[in-house]
Amino acid sequence: MLKKKFDWKELGIDLLVDLAAGMLGAVGIYNFALNANFPVAGFSGIAIILYHLFKIPVGAGMILLNIPVTIFCYKYLGKTFFLKSVKTTLIWSVLTDYVAPMLPVYNGNRLLAALCMGVLCGIGFALIFMRGSSTGGQDFISMSIKKAKPHMTLGMITFGLDICTIILGSALVFKEVNGLIYGILVTYLMATVMDRIMYGIDEGKMTLIVTKQGKEVAEQIDEYAGRGSTILEGVGSYSGEKKDVVMCACNNKQMYTIKRMVKEIDPKAFTIIMESNEVVGEGFKQE
């Protein structure tokens, strides 16, 4: 049996992504959230609570919190995911405790701090999840739920779990309604950014064109919009008349050109335009 060759290039890409994502998260947590007096969700939020109550460094707190959850989730999530997540967690924690403190801490408007933290951490989490890893802790729980309920998005799972941490932080440390509101706001923003990057960054349009001139429509779409299409055979339920159904995926800008061309070729064509959250394949994002 041949052994699989170790992919150093893939390891290097994983490390670079971990460093980039960890730096975004570390800056979001330490430089924007730590002194802004609002609760943060996830294990990083619990680590911030421990920092305010017992002065335990945030990164060290995240590692301590991760130990029991990591042991519990190891068998369920598998060895590969476990090892990648441990690596990511250590990088994230070290950057939070040793690198982020070298940068200026933002002490301005709390709303701006919340917005910056939500965007930075949302991007960081999305990059990590897209590489098949996590930051451990609540991410392990989120990924476990995602595995059991694949129809649920990671952003919404994370948002639901985060509410508990926000309430805990508000009750134990910050003790104010404004802090609770900021915590919910930043959590929703983080989940939205995460879902946008993971599922919606390649969004576009999909159109179904019912026409008698399917071949001509498809050729014009290819010539002027540079998009391939698929011609399906359709039959009118009322008239029984056979027609072509041209299916085409494109970006938002190209749809206007396609719609105009269809009208010129066949004024009687029936055109349906739908939102497409993500398009994977040739000419779009490659898995």
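Predicted model: local features only at pLDDT ≥ 70, side-chain atom pairs only at ≥ 80, totals over all residues.
Me: How many helices and strands?
Reply: The protein has 10 helices and 4 strands. Helices (H or I, at least four residues) and strands (E, at least two) are DSSP runs, numbered from the N terminus.

Me: What order do they come in?
Reply: Along the sequence the pattern is α-α-α-α-α-α-α-α-β-α-β-β-α-β.

Me: How much of the protein is buried?
Reply: Of the 287 residues, 41% are buried. Buried means under 20% relative accessible area, exposed means over 50%, and partly exposed is in between (1.4 Å probe, protein chains only).

Me: What share of contacts join residues at least 24 apart?
Reply: Take contacts between residues at least 6 apart in sequence: 75% of them join residues at least 24 apart. Contact means heavy atoms within 4.5 Å.

Me: New topic. How many salt bridges?
Reply: A search of the whole structure finds 4 salt bridges. Each is a side-chain nitrogen of Lys or Arg within 4 Å of a carboxyl oxygen of Asp or Glu.

Me: What does Lys84 pair with?
Reply: Lys84 bridges to Asp14, with the closest N and O atoms 3.8 Å apart. That pair links distant parts of the chain: Lys84 sits in helix α4 and Asp14 in helix α1 (residues 8-33), 70 residues apart. Asp14 is buried, because its relative accessible area is 10%.

Me: And Lys87? What is its partner?
Reply: Lys87 forms a salt bridge with Asp18, and their closest N and O atoms are 2.3 Å apart. This pair also links distant parts of the chain, with Lys87 in α4 and Asp18 in α1, 69 residues apart.

Me: Are those two buried or partly exposed?
Reply: Lys87 is partly exposed, at 25% relative accessible area. Asp18 counts as buried, at 3%.

Me: What about Lys212, which residue does it bridge to?
Reply: Glu241, with the closest N and O atoms 2.7 Å apart. Lys212 lies in the loop between β1 (204-211) and α9, and Glu241 in the loop between β2 (230-235) and β3 (242-250), so the pair ties together parts 29 residues apart in sequence. Lys212 counts as exposed, at 56% relative accessibility. Glu241 is partly exposed, at 32%.

Me: Which residues does Asp266 touch?
Reply: Asp266 touches Thr211, Lys212 and Gln213, not counting residues up to four places away in sequence. Asp266 is in the loop between α10 (252-265) and β4 (270-276).

Me: What is the nearest side chain of opposite charge to Asp266?
Reply: Lys243, 6.8 Å away. Asp266 is buried yet has no salt bridge. Lys and Arg count as positive and Asp and Glu as negative; His and the chain ends are not counted.

Me: How is a patch defined?
Reply: Patches are made of residues with over 30% relative accessible area and no salt bridge: like charges are joined within 9 Å, nonpolar side chains (Val, Leu, Ile, Met, Phe, Trp, Tyr) within 5 Å.

Me: Where is Leu90, and how exposed?
Reply: Leu90 is in helix α4. Leu90 counts as partly exposed because its relative accessibility is 43%.

Me: What about Ser93, buried or exposed?
Reply: Ser93 counts as buried, at 1% relative accessibility. Ser93 lies in helix α4 (residues 79-99). Not counting residues up to four places away in sequence, Ser93 touches Gly59, Met62 and Ile63.

Me: Last one. Which residues form the negative patch?
Reply: Glu216, Glu219, Asp222 and Glu223. The place of a charge is taken as NZ of Lys, CZ of Arg, CG of Asp or CD of Glu. Asp222 is found in helix α9 (residues 214-225). Asp222 is partly exposed, at 47% relative accessible area.

Key. Residues numbered from 1 in each chain as written. Heavy atoms only, no water. Areas by Shrake-Rupley, 256 points an atom, 1.4 Å probe, with all protein chains shown as cover.
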